[in-house]
10 protein chains.
Amino acid sequence: MEFLARIDVNLPPDMDPGAAEELRTRERERGKELWGAGVIQRIWRIPGKRAVLGLYRAESATSLQEVFESFPMYPYLDITVYPLADHALEQEPRH
Amino acid sequence: MEFLARIDVNLPPDMDPGAAEELRTRERERGKELWGAGVIQRIWRIPGKRAVLGLYRAESATSLQEVFESFPMYPYLDITVYPLADHALEQEPRH
Amino acid sequence: MEFLARIDVNLPPDMDPGAAEELRTRERERGKELWGAGVIQRIWRIPGKRAVLGLYRAESATSLQEVFESFPMYPYLDITVYPLADHALEQEPRH
Amino acid sequence: MEFLARIDVNLPPDMDPGAAEELRTRERERGKELWGAGVIQRIWRIPGKRAVLGLYRAESATSLQEVFESFPMYPYLDITVYPLADHALEQEPRH
Amino acid sequence: MEFLARIDVNLPPDMDPGAAEELRTRERERGKELWGAGVIQRIWRIPGKRAVLGLYRAESATSLQEVFESFPMYPYLDITVYPLADHALEQEPRH
Amino acid sequence: MEFLARIDVNLPPDMDPGAAEELRTRERERGKELWGAGVIQRIWRIPGKRAVLGLYRAESATSLQEVFESFPMYPYLDITVYPLADHALEQEPRH
Amino acid sequence: MEFLARIDVNLPPDMDPGAAEELRTRERERGKELWGAGVIQRIWRIPGKRAVLGLYRAESATSLQEVFESFPMYPYLDITVYPLADHALEQEPRH
Amino acid sequence: MEFLARIDVNLPPDMDPGAAEELRTRERERGKELWGAGVIQRIWRIPGKRAVLGLYRAESATSLQEVFESFPMYPYLDITVYPLADHALEQEPRH
Amino acid sequence: MEFLARIDVNLPPDMDPGAAEELRTRERERGKELWGAGVIQRIWRIPGKRAVLGLYRAESATSLQEVFESFPMYPYLDITVYPLADHALEQEPRH
Amino acid sequence: MEFLARIDVNLPPDMDPGAAEELRTRERERGKELWGAGVIQRIWRIPGKRAVLGLYRAESATSLQEVFESFPMYPYLDITVYPLADHALEQEPRH
């Protein structure tokens, strides 16, 4: 099933810049893997916020939670999950 | 640009059933046109609510508003719009 | 997976009493079927409110929504869904 | 009676890792005791949050509070309690 | 155990005045019984609101709910319940 | 007149344990005085929170504020005050 | 003591215009009495709202509630009360 | 025109006591000047909060903001401003 | 001074269509006058809502309220007002 | 298109005063550039808050986000964005 998730990133302001940069690099790498695998279906930045909105595909909230815990930045994330139900309109053809 | 929109449907409970059904049919037809044209990129039902979540592509909030006003059900809709900014991860290849 | 759902019942105050009673009877019957089948795992009344809290088992938000739409009272319900992830403690033995 | 409780865990980000790990171990042990004794009837993780949802059985809010204070992590918990009333449907037979 | 309950009264504005008055009379009678029996421990009006705050003594949320349903005005009430735990200070002597 | 007050206690997590214990002792002593004098009419713990709910008798908000400022812990308290009006039911006899 | 009160006026939209006008006239008369007597110390309109903000002098919430119930429009008012404590600065001289 | 302003005071808990006391003294002095000049028309303490409610007279929000910035404590204040419109009742005579 | 105002339009759903259209025409005429006079400095539609956001110039909240009451639709409007203070950047030259 | 943005400034209270002043100077310079270029159409201070309200012109939320990230103070800003749709009244002539 699909889930929408708003992910707010709260890095401590006094984090060592090198450690922060390394964390961001590892986060980007993990993001690429999940994007490549189709777990992340879509992703946007929320303008003005240190936050992203992601559309995830996962079998259940339990496996979604495992995805979240695989993020290197997980200890610094506050995530709000919205479960989504399919809509019949998506069965219609595109022009 | 892309917009996320939550659309709550508030048909009056005492609406004539025939008129309500005709309105729903016309709404579905308009939905198919917008889906076919790619204006509606994705659409989901919000479980438990008389509401949908839609991902729209429109040049501006002004043209998005024109899309909303083209819905036959527009007088009965309460819509909340969230502007979205692109995320670099979407430039990455899928496996 | 499991979902917690708060279900608020908003019967119109001027509903015909006989129609309301018949609706309640049909709702109870549907409830018994879902309870018997284990779709409703647990159910409580929220004290002071015309509302119940239910623990549902469903494959996805899409099938949960189908369950909701099978309620005779569905047009009068406002439902808020909370997705739940498993907790390791439940693997432990009861005394 | 039964109570639903949302428990948010707010460990200080600069807590000594060894002390944090020892605290988690002791918390798990206490959790097993309460689970084994049936005080914790059900427990779930709230996806994306450092929080759990628990279904507790206790004689009163006073004894529930004693349970909470027996958690090694209690000084770091923010707990919201929802009292629950029984629902007649639970008297029905399972298939 | 003790519960605090805020009770908002929403009589329909177009209710027949005679029926409303009779309902208020019956509500007062039921209130006297519950007050006399010590189920209602304390009761206040919330200034400016069509609402009261009541301190109730009941064995559980289930029996509290039965008390609420015994109110003649119950169909018109919106009640919010707060469970209370005992405080050690109340064991101290009054001067 | 009577006031209901929710008092949240926010001791700094890094407070010296001895100083915290001494503060709690002094707070208890002041509590006993106010309880003994009938200024605190009733007091409960809010389950799961570092907070109490108190029923106070004071001539005005000004004298209630003086009571609050007499608490040794006052600098660490966040207090929300609800003014209460008398209810006629309390004139009725107890059985 | 002094209380600040926000008073929202919710006249039913389908009220008979003559009855509404008569009600407004009687409300103004009662307002003049309370103003003249110093019960209403100050009064303002909240711009854009069908609401006023009033500064009241009353011995207690109980007598304030009696003032509110003396308003002809009371059945149509939603009032929120804020208790106020004196501030030492008001003892200072004006230039 | 008149503005109502709620001013919450957030002095850092670890502020040097001497510096805090000196700041409070300077704040009181500035308060006396503004009170004397009639810029502060009325002022109250909000019971239980480290906050005051003030009634200000200023030509515009711009000049009100200049008043706020003249407070020695301004860096530690969180202020919420409510614009007020005159009410005709204040033209009436006091008895 | 300048005020930002969000204006929500709540025409009754069962209003006579001819009367509604006439009201809209008169509202547009009044809008043109206020726009022409510079009282309305800027105006936008809030996408998805039956609401506009307006930037008003008025001497005080009292005169702003008079502007609002001059709207033919005023009885159906819910308006929220935000007072604005000047910002020094606006003194800078445009390129 | 146009966007309204509320920008709250959260400089750490223990920031080095020289560094803070230099940051403010650079922020002002960037502000002048964006004002000069018409990206910032209007800007106000929110009275009582460490916050401004800005009216921005940008092609999309993506380019607006680039503007935000060009602010030297961006790491300390919390920004809330409101998309705006054009209103027909702005086509009318000024007197």
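This is a predicted model: local features need pLDDT of at least 70, side-chain atom pairs count only at pLDDT 80 or more; totals for chains, interfaces and linings use all residues.
1. The contact between chains E and D draws ten residues from chain E and ten residues from chain D. On the chain E side, the elements that contribute two or more residues are α2 (61–69) and β4 (77–86) of chain E, and β4(E) supplies the largest share, five residues. By class, the side of chain E that touches chain D consists of six nonpolar residues, three polar residues and one charged residue.

2. Between chains I and J, 24 residues of chain I are in contact with 24 residues of chain J. Two or more residues on the chain I side come from each of α1, β2 (40–45), β3 (51–57) and β4 (77–86) of chain I, and the composition of that side is twelve nonpolar, five polar and seven charged residues.

3. One of the elements of chain I named above, β4(I), also pairs across to the partner chain, where it meets strand β2 (residues 40–45) of chain J in the antiparallel sense over two bridges. Within chain J, the residue that stands opposite I:Ala85 is J:Arg45, which belongs to β2(J).

4. Helix α1 of chain I, which gives two or more residues to the side touching chain J, covers residues 17–36 and so deserves a look at its geometry. Its 20 residues reach 28 Å from the first C-alpha to the last, close to the 28 Å expected at 1.5 Å a residue. After α1(I) comes I:Gly38, a residue whose phi is positive, near 80°.

Definitions and conventions
Residues are numbered from 1 along each chain as its sequence is written. Chains are lettered from A and ligands numbered from 1 in the order in which they are written. Two residues are in contact if their C-beta atoms, placed from the backbone, lie within 7 Å. Helices (H or I, at least four residues) and strands (E, at least two) are DSSP runs, numbered from the N terminus. Ala, Val, Leu, Ile, Met, Phe, Trp, Tyr, Cys and Pro count as nonpolar, Asp, Glu, Lys and Arg as charged, and the others, Gly among them, as polar. The expected span of a helix is 1.5 Å times one less than its number of residues. Two strands pair if DSSP finds at least two bridges between them.
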